[in-house]
Amino acid sequence: MSESPVSGASYAAAGVDIEAGDRAVELMKEWVKKTQRPEVLGGLGGFAGLFDASALKNYERPLLASATDGVGTKVDIARQLGVYDTIGHDLVAMVMDDIVVCGAEPLFMTDYICVGKVHPERVAAIVKGIAEGCVLAGCALVGGETAEHPGLLGADDFDVAGAGTGVVEADRLLGADRIRTGDAVIAMASSGLHSNGYSLVRHVLLNQAGLALDAHIEDLGRTLGEELLEPTKIYSLDCLALMRTAEVHAFSHVTGGGLAANLARVIPDHLHAIVDRATWTPGPVFDLVGRTGGVERLELEKTLNMGVGMIAIVPQESADVALTALADRGVDAWVAGEITDRGEHATGAELVGDYAPN
């Protein structure tokens, strides 16, 4: 055999820095520790996160709920601004607020961070945000993975994803079968764009209009970058507290697809949800996107949350109690509509009227 012209090949030469990955793990440990629940066994460094399932013995018939999600192209805003400690809130919200929709208590979560090059402090900042989000959701961060993909991602590129598990008693499971004609549709305000529709937002504001992320936007009262990186509100503990205070028939997490499409997912075939736009005013960022890009209202509503991040469906007689309970937790909420019988051409949920003026 002829002598190979290549010598000294190594993992490091291929672009993977194992030592940097080890340092990232050390930096993130303090943040992960803050999320621990009594059911969690061991710490970081094992091949699997351990959760003591004997804690579920108090349930008559425990149902496990699971969900997985990412943050989408919002990560590119974080990359451009060099701000990495908020994007984790978005990840936890996307996963755990899906889990709570069925009435489940969030238990634990794992994350996956993919980078072009491991910058230990940057990875630790991302995990810090995830850990803070887990605290807000009441769940533990039991493990994760940081993968370095040189050659596939640029040195500053990254993406995040996560998966979570929750539990609900079978007879407490929420959903379409509980909803009745006359139920009230309660809207909970979003903190902004949340983590959906950023491909449209980036196309309109950054690519078409050429706005700078550090530009101060008067209507927003802050820079564009600060607005776009506003973390997704985490509703998990608010929803669980509401269930303890008032009768709740269903929740709907408003994510990709908008309010009507997500609400329709929990409405039974014979019923219809009517939501009155006049009950709220979308925040200025929604108007900015629509006005700057000439985006029609229907397209905005199919893509963005328009100021509503979570919906609760409750009996009409429980609406006042529900609103008080949410207000006590600092959640801006209001009765936005009602459940009616479905007509021949109804699609499950619709928005009617015009938004209230500023």
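Let's start with helix 7 and helix 11, which cover residues 236-245 and 319-328. In this predicted model, the two pack at an angle of about 140 degrees, and their axes are 10 Å apart. Helix 7 and helix 11 are therefore oblique to each other. As for handedness, the crossing of helix 7 past helix 11 is right-handed.

Which residues in helix 7 and helix 11 meet? On the helix 7 side we have Asp238, Leu242 and Thr245. Facing them from helix 11 are Val321, Ala322, Ala325 and Leu326. Sorted by class, that contact has five nonpolar residues, one polar and one charged.

Now for a second pair, if you'll turn the model with me. Helix 2 spans residues 74-81, and helix 5 spans residues 198-208. Here the axes come within 8 Å, with a crossing angle of roughly 50 degrees. So helix 2 and helix 5 are oblique to each other as well.

The contact list for this pair has Lys74, Asp76, Ile77 and Gln80 from helix 2. Their partners in helix 5 are Tyr198, Arg202 and Leu206. By class, the contact of helix 2 with helix 5 splits into three nonpolar, one polar and three charged residues.

Where does histidine 194 sit? You'll find histidine 194 in the loop between strand 7, residues 184-189, and helix 5.

Last stop, the cysteines. Are cysteine 114 and cysteine 239 buried or exposed? Cysteine 114 has a relative accessibility of 9%, so cysteine 114 is counted as buried. Cysteine 239 comes out at 0%, so cysteine 239 is counted as buried too. How many disulfides are there? With the cut-off of 2.5 Å between cysteine sulfur atoms, the count is zero.

That's my tour, and I'm happy to go back to any of these spots with you.

Technical notes
Residues are numbered from 1 along each chain as its sequence is written. This is a predicted model: local features need pLDDT of at least 70, side-chain atom pairs count only at pLDDT 80 or more; totals for chains, interfaces and linings use all residues. Side-chain values use heavy atoms; hydrogens and water are left out. Axes are lines fitted to C-alpha atoms, for helices over the stretch in contact, and angles run from 0 to 180 degrees between N-to-C directions. Helices (H or I, at least four residues) and strands (E, at least two) are DSSP runs, numbered from the N terminus. Angles under 35 degrees count as roughly parallel, over 145 as roughly antiparallel, 65 to 115 as roughly perpendicular and the rest as oblique. A crossing is left-handed if the near helix is turned anticlockwise from the far one by less than a right angle, and right-handed if clockwise. Contact means heavy atoms within 4.5 Å. Ala, Val, Leu, Ile, Met, Phe, Trp, Tyr, Cys and Pro count as nonpolar, Asp, Glu, Lys and Arg as charged, and the others, Gly among them, as polar. Buried means under 20% relative accessible area, exposed over 50%, partly exposed in between (1.4 Å probe, protein chains only).
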